[in-house]
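Keep the viewer open as you read.

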Amino acid sequence: MARAPSRASPRKGKGSKKRAVLVLAAGVGKRMRSALPKVLHPLHGRPVLSYVLDLARPLGDVFVVTGAQAGRVREILPKGVIPVLQKNQLGTGHAVMAAAPQLKRYRSVLVLSGDSPLIRESTLRMLLEEHKRVGAVSTLLSARLENPSGYGRLVRNGDGSLRGIVEEADAAPDERALQEVNGGTYCFSSAGLLECLPRLRRENKQKEYYLTDAVSWLLKERRTVHVAQTPDWTEVLGVNTRVDLAVAHEVLRRRKVHALMEQGVTLLDPTSAYVAPSVEVGADTVLEPNVFLSGSTRVGRRCRIGTGAHVENCVLADDVSIKPYSVAEGAAVGRGASVGPFARLRPGTSIGANAKVGNFVETKKASLGAGSKANHLAYLGDARIGKKVNIGAGTITCNYDGVRKHETVLGDGVFVGSDAQFVAPVRVGRGAYVAAGSIITEDVPPHALAVARGRQENKAGWVKKRKRKRAKRK
């Protein structure tokens, strides 16, 4: 840390706001080798930039500097986040220059990198508290990396105070050997930052305006510059390559499964469980190896998710069993219900309490009432199925006529024999029975027996006669 002699910064007016949060998201990301800007690459199903914005929004008024494919970046910005266009990408300092007119209204500015999704909220709050406690003009985040390649290095004086920051492209061999790196996260007093910006020059190998040069200028002017170091080096990792993206996936996955275990969730093999940061899982739930939970999935208490199960954007109540190798997307499963193994719940499915959907059953936009069961080999699409309904093996709702989808309705207590087909639109009344092998094309009244199949006829001796005829032909 370098401290300044008493030199007052210009006072802001009474109407100035407390803090702006400036997110730098204008870069192309050439090393990603992609037509998609690096900040839009999906990380556990969400753009990399979205993780940074989640952290930024509680901390102040948020501005996002856009550049490469600015229109696509603006599309994902939440309401209230203000985009700022950087027409030419000439470095981090140039990005801040683009936002300078908006920053005049604030007392401090927190600068974040849009490609650094691994930083924690607690670390940002620590940085802000340190900045305030020290009374610094600038506070920056650092970390120590065993392999600091690709990062700017912090150069310190013999007494440990900060001498400056050198970008890797401009670093001498001894400077490249340094392991303390710049995390790309800064807090500035607005007045101090705006004073620095006109003094930035492109006198470096990259021919860019470096924001780190603003820190160097403050040090030369003997202003107070403070360094807050995070002990977790993963927090400063940026997503610049596909390898970095894979590392970020793994870091977030590992953090999530660790947090779940601390909250009372059992993971039989934490190294193989894929659980997105957005997923919630209740206590005493068991996750077997190779489960995949993503999106807005909410899992209740005392559930069991079997090996190889894939659950996306679903709500599972307490005591639900998802058996191995089942797939559920956009479905709701009631308390005590059982799904699988090898079942598929497609979007719009609702499974009632204590209902059962067994092996090789597929549902789509279907609801099963409490206690109903379809134990095996069925397709239930566009169906409303009441309580305590039995669906026999091989049952199909024929919901599509080639132009439109139609609904099948089965009342409470209906019994459906094996291999029945319902040609929708059709309704089966409460308590009715549908005989095995029936093709139902008309509504069935309550408590009726529906038999819709050809009569069986046994022709005595037919096989022997056929064989004799074939022998004569030969």
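What pLDDT does the chain average? This is a predicted model, and its chain averages a pLDDT of 94, with 97% of the residues scoring at least 70. One stretch needs care: over residues 1–15 the pLDDT stays under 50. The model does give that stretch 29 contacts beyond four places in sequence. Where pLDDT is low, though, the predicted coordinates should not be read in detail.

Now turn to the interior. In soluble globular proteins, nonpolar side chains tend to be buried together. Here the largest nonpolar core has 53 residues, and Leu287, Ile305, Ile391 and Phe422 have the most contacts inside it. At least two residues of this core come from each of helix 8 (242–262), strand 27 (356–368), strand 28 (373–385) and strand 34 (426–428). Strand 28 gives the most, with 5 residues.

Leaving aside residues up to four places away in sequence, Ile391 touches Lys373, Ala374, Asn375, Ala378, Leu380, Ile385, Leu410 and Val416. A second, separate core is made of 42 residues, including Leu36, Leu124, Leu128 and Ala248.

The structure holds 1 cavity of 30 Å³ or more, and the largest cavity contains about 40 Å³ of space. Its lining is formed by Val52, Leu112, Ser113, Ser116, Ile119, Gly183, Thr185, Glu235 and Val236. Strand 6 (106–113) and strand 10 (180–189) are the elements that give two or more residues to this lining. By class, the lining has 4 nonpolar, 4 polar and 1 charged residues.

Notes. Residues numbered from 1 in each chain as written. Predicted model: local features only at pLDDT ≥ 70, side-chain atom pairs only at ≥ 80, totals over all residues. Heavy atoms only, no water. 1 Å grid on protein atoms, 1.4 Å probe; cavity = no way out; pocket = protein on both sides within 12 Å on 5 of 7 lines; lining within 4 Å. Points joined across faces, edges and corners; volume = space filled by probe spheres on them. Helix = DSSP H or I, 4+ residues; strand = E, 2+ residues; numbered from the N terminus. Nonpolar A, V, L, I, M, F, W, Y, C, P; charged D, E, K, R; others polar. pLDDT = per-residue confidence, 0-100. Contact = heavy atoms within 4.5 Å. Core = buried A, V, L, I, M, F, W, Y, C linked by side-chain atoms within 4.5 Å. Buried < 20%, exposed > 50% of the residue type's maximum accessible area, 1.4 Å probe, protein only.
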